[in-house]
Amino acid sequence: MSQSDESEEEFVPRTRDTSTPVTLERFFRILGAAGSQVYLHQGDADSNDDLIEQLVSDGAIHDDRIKTAMLACDRRRFVPLQYKDMAYVDQPIHVAEWDSNISAPHIYTTFLNELEIREGMAIVDVGSGSGISTAYCAMMAGKTGYVTGIDINKRCVDWSINVLNELHASSEPFRSTAAPTRIVHKDAFIACYEEEFKGKYDRVFVGASCPRARAHSFFQFLKPEGGKVVIPIAPSELSLIELVPESTPCISEIAKVRFTSLDLPSEIDVMQAVLKSRRKERLRIVQMPSTYEQDLVNIEHATLLAHYDTISSSPEDVIEGFPSTSPKASSVLSNLGKRDCVLKGCGWTLHVHSVVLKNRSAYFKAKSESGMKDSSLSIVTVPDHFNEGTAKVLFYDYMYYDVLNVRSDQALQVCEMADYYGVPRMVNYCENVLADILKKAETSERHIRECCDVAINLFIMGQALSLGQLTAVSLDFLATHFELMKESESFRSLDAGHIVLIAEEAHNQVLEMKSIMQELRASASYAKQES
């Protein structure tokens, strides 16, 4: 069964004072949802409000905040069309299309009571299913909190995202009160060890049964100061686990219930997935934000100070390029005056505006302000190994239009040129383009083998130009594929210092694997004691 299977068989003996006939079709739905233990609740509610009032009168709800949360989240919204006649019955609903259940309303009141969610808390809802438990938690956490639903069942994820979006759009009480929510399609046994989720939450609710020996995995979701976990421990214990720093987890049984089981990945599967996730996060290159709008302001100001009273209307003075998406750019770039700077390369020249260079390049800014004899920007000699195509990408596309449009076969030289002229955002972008070459190569051994020479050259370049992000990606690639790397033609170009760095990276990868295994088994003693 999937992780999203909420309570398959949930029971707390209950009585009703009234009696309502139950159709044969609904009887079999209830029978399918509840398994061998069936409690037909007499007296169906006519609305969500009636359902909640029944729960209050039965003593299932004794906290006004829980009542408010459940009133704002009409259960009928979260039930697929063909099961809506069951929406206001205090019983689980088996949704065959999802191979999953929507728990009985009184089960939600139980876990909400035990979690004691306060305003501003962060909650993770494991096996979030239909999304109704996520919605309840969001109401309890309030605007200053946040709630993450995690489910391995893609159908449930898609359904709950749509329902929560509709609820937010159509319900003023929910929109004005509920915490931000998101639903992610993941295996929670893996997500809890990922940096995005680990140590981020105050409360954890698990909506499917978990073996006692694996329950400790979900402790990883809790913040360092600890918190509470409500989880069904197989075979039939709905349990509250309280954690505080440097203390043994305190576990208490809340009720006897029966939930469907979580999918259980092996420790090796978890380790591999966590390694992959952490590696991806570690090697992710964050794109630097643009300074274009502020640069345009500075360019316009500098243009006015320079007394460019005669604005040329000649077409040759306007740099042809990409259509500008900035009204400011259209105004500034059409009033720059004559091109007063010549960039001279080997067999090529570009005519540009010095005011643009000074405000978009650290090199030209420093040169113009140096007061030295060569501080003039009227004629600037460009190193011979930079070609005209590279220069146009940097000086025309980027400096005038802020366009990051670099092909993978251009990226190496554009990166070097941008580094030379002090344009860090373009360097950053090119590092990303080059890193993607290596990341995409890992689809097959043949592609990896073909990219070993590329990786070595990128590693050497990254070291020479102090490009930390590119160095990290190429170093990781070489250490991961060391045996193939040794067979490449470029291997001989690596010096002893390079080899040492690659060996250290390989050693660090082994240490990381050991660290993850230790994390996976950190609570093993607790699990044994509780077995």
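How much space lies in the largest pocket? About 420 Å³ lies there, where a pocket is an open set of points on a 1 Å grid over the protein atoms alone, at which a 1.4 Å probe fits, with protein on both sides within 12 Å along at least five of seven lines, and where lining residues have an atom within 4 Å of a point. The volume is the space filled by probe spheres set on the points, which are joined across faces, edges and corners.

This is a predicted model, in which local features need pLDDT of at least 70 and side-chain atom pairs count only at pLDDT 80 or more, while totals for chains, interfaces and linings use all residues. Residues are numbered from 1 along each chain as its sequence is written, and side-chain values use heavy atoms, with hydrogens and water left out.

Of the 24 residues that line the largest pocket, Asp 295, Lys 358, Asn 359, Arg 360 and Ser 361 are the closest to its centre. Helix 12 (354–360) gives the most to this lining, with five residues, and helices are DSSP runs of H or I with at least four residues, strands runs of E with at least two, both numbered from the N terminus.

Elsewhere, seven strands form an open sheet of mixed pairing in the order 5-4-3-6-7-8-9, two strands being paired if DSSP finds at least two bridges between them. Strand 5 (181–185) and strand 9 (250–256) are the edge strands, each pairing on one side only. Within the sheet, strand 7 (residues 227–233) and strand 8 (residues 237–243) pair in the antiparallel sense over seven bridges, and Glu 237 in strand 8 is the bridge partner of Ile 233.
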